[in-house]
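Colleague: Could you walk me through how the helices pack in this model, and then through a few single residues?

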Amino acid sequence: MTTVDLVALRDHLRPVAVALRERALAVDADPGALHALLDAGVLPYRQLGGFPPGYLDDPLRVRGVPVLVRTCVERAVVAETLAWGDASVVVGAPGPSMSGVVVDDLADDEQRDRFYRHVAQPRTWTFFGLTEPDRGSDAAALETAVVARGVPTGGATADGATEGGAAADDGSPGAVLRGHKKYVGNVARASLGVVFARHRPGPLGVGVYLVDTARPGFDAAPLVTTGMRAVQLGEVRLRDVPLRPEDTLGRHLSPSRRGLLGAVRTFNRLRPVVAALAVGVTQAALDYVRAARSSFLADERLMLETFDDRLHAARALVLQAARGADADAADGTLPAAAKATALDLAEEVTRAVPALLGPGARWEHPYLDKLVRDVPGLEMMEGTRTVQRLTLAQGWLQGRARHVELV
């Protein structure tokens, strides 16, 4: 649990959020402009990356106290505050990102050191290779596989199974990654990341592998998106990318504690952060319309005040979920409730407020238009609201969500 003064952390980061907003439209028009933003030094991305102690000489300091941004609560507060400026830059910035969370959960000491020493270098992006074009982020149905080098598609794998079964999960010599990942953030500019792949049939047959993008057969390219453009979602084709034994995360753990479990725990820790991004976008939209218009009719004021009340409730739920994830990352009930609630509100607010600025509001107010376009991108991160409601229903049936209500 965090002991950081969260109010002080928000106050410390507000000038950064203002700077991100000033540059948001430039990055939205050209994701390459993110480099100019980094050159300007307004975003302390390394200090906000969540590095363990010992990998940064200059950690973030709030009122003189070092803050490593390692807990879910700290990450949620950072995400909300900066999303008021530009949520896409928060997700698209260099650093450990999602990969760091799964490395923290599954890696041994040698793997953790390999990962963080590499990512601690300036402007080092990482990727999280789970989603597939035909399977989405359903980790149990992955088609990407670890197979024996030279085996044709559909042939036997390194352990003698057919492809989709696959090679030994220790990344044994001669094992390669083969498959196709899509909608992967930052993958075209990343130098290191994790790939989820099947090494044998069954629920314990999914492994997580630490992969350098410079390896032969790793072919990544960015996709064109309408929102969250700084993230540069991309796709990667894995054409017999070689694996080494030391690439298998969780190699020191039992099969029941790695693979799919790593994905579940990572998602549970990150869903409150995505929910916090949605809260930040919602606050940005409400603040923007109030700044752009000096007075409102009675029914309009009532609508905005109702949105304010719901936003306060959603923020409280997000913090509750973040604390729950810090306490028990295996329980995804509160994180699911937080993401579904925050996304419902963000979508409703960004659809409603442009009308308060007239028929051509999105054309005349491009930043507001950007907020509208960014919300669907948040919807797709760490599972859609349908997935969250299914998770919440399971938690309810198992007695873990008796006091959770979607606001």
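Colleague: At what angle do helix 7 and helix 8 pack, and how far apart are their axes?

Modeller: Happy to start there, with a word on the source: this is a predicted model, in which local features need pLDDT of at least 70, side-chain atom pairs count only at pLDDT 80 or more, and totals for chains, interfaces and linings use all residues. Residues are numbered from 1 along each chain as its sequence is written, and side-chain values use heavy atoms, with hydrogens and water left out. Helices (H or I, at least four residues) and strands (E, at least two) are DSSP runs numbered from the N terminus, while axes are lines fitted to C-alpha atoms, for helices over the stretch in contact, with angles from 0 to 180 degrees between N-to-C directions. Helix 7 (residues 298–327) and helix 8 (residues 333–352) pack at about 155°, and their axes are 9 Å apart.

Colleague: Which word describes the orientation of helix 7 relative to helix 8?

Modeller: Angles under 35 degrees count as roughly parallel, over 145 as roughly antiparallel, 65 to 115 as roughly perpendicular and the rest as oblique. The angle between helix 7 and helix 8 is about 155°. Helix 7 is therefore, relative to helix 8, roughly antiparallel.

Colleague: Which residues of helix 8 does helix 7 meet?

Modeller: Contact here means heavy atoms within 4.5 Å. From helix 7 the contact includes Met303, Phe307, Arg310 and Leu311. On the helix 8 side, the residues met are Leu334, Pro335, Ala337, Ala338, Thr341, Leu345, Glu348, Val349 and Ala352.

Colleague: Helix 8 also packs with helix 11; how is helix 8 oriented to helix 11?

Modeller: The axes of helix 8 and helix 11 come within 8 Å and cross at roughly 140°. That makes the orientation of helix 8 to helix 11 oblique.

Colleague: Which residues of helix 11 make that contact with helix 8?

Modeller: Helix 8 contributes Thr333, Ala336, Ala337, Lys339, Ala340, Leu343, Asp344 and Glu347. Their partners in helix 11 are Arg385, Gln388, Arg389, Thr391, Leu392 and Gly395.

Colleague: Where are the buried residues of helix 11 placed around its axis?

Modeller: Buried means under 20% relative accessible area, exposed over 50%, and partly exposed in between (1.4 Å probe, protein chains only). In helix 11, Arg385, Gln388, Thr391, Leu392 and Gly395 are buried. They cover an arc (of the directions from the helix axis to the C-beta atoms) of only 120° around the axis, so they lie on the same side of helix 11.

Colleague: And which residues are exposed on the other side of helix 11?

Modeller: The buried residues of helix 11 include Arg385 and Leu392. On the other side, the exposed residues are Thr386, Leu390 and Leu397.

Colleague: What angle do helix 1 and helix 10 make?

Modeller: Helix 1 (residues 6–29) and helix 10 (residues 366–379) have axes 10 Å apart. In their contact, Arg21, Ala24, Leu25 and Asp28 of helix 1 meet Pro366, Tyr367, Lys370 and Arg373 of helix 10. The two helices are therefore roughly perpendicular, at an angle of about 70°.

Colleague: Staying with helix 1, how far is Val16 from Val42, C-alpha to C-alpha?

Modeller: Val16 is found in helix 1 and counts as buried at 10% relative accessibility. Leaving out residues up to four places away in sequence, Val16 touches Val42, Leu43, Pro44 and Leu82. Val16 and Val42 are 26 residues apart along the chain, and their C-alpha atoms are separated by 6.2 Å.

Colleague: Is Val69 buried or exposed?

Modeller: Most residues other than glycine have a negative phi. Val69 has a positive phi, near 55°, and its place is in the loop between strand 2 (65–67) and helix 3 (72–92). With a relative accessible area of 1%, Val69 is buried.

Colleague: What is the relative accessibility of Tyr183?

Modeller: Tyr183 lies in strand 5 (residues 175–184), and its phi is positive too, near 60°. Tyr183 counts as partly exposed, with a relative accessibility of 45%.
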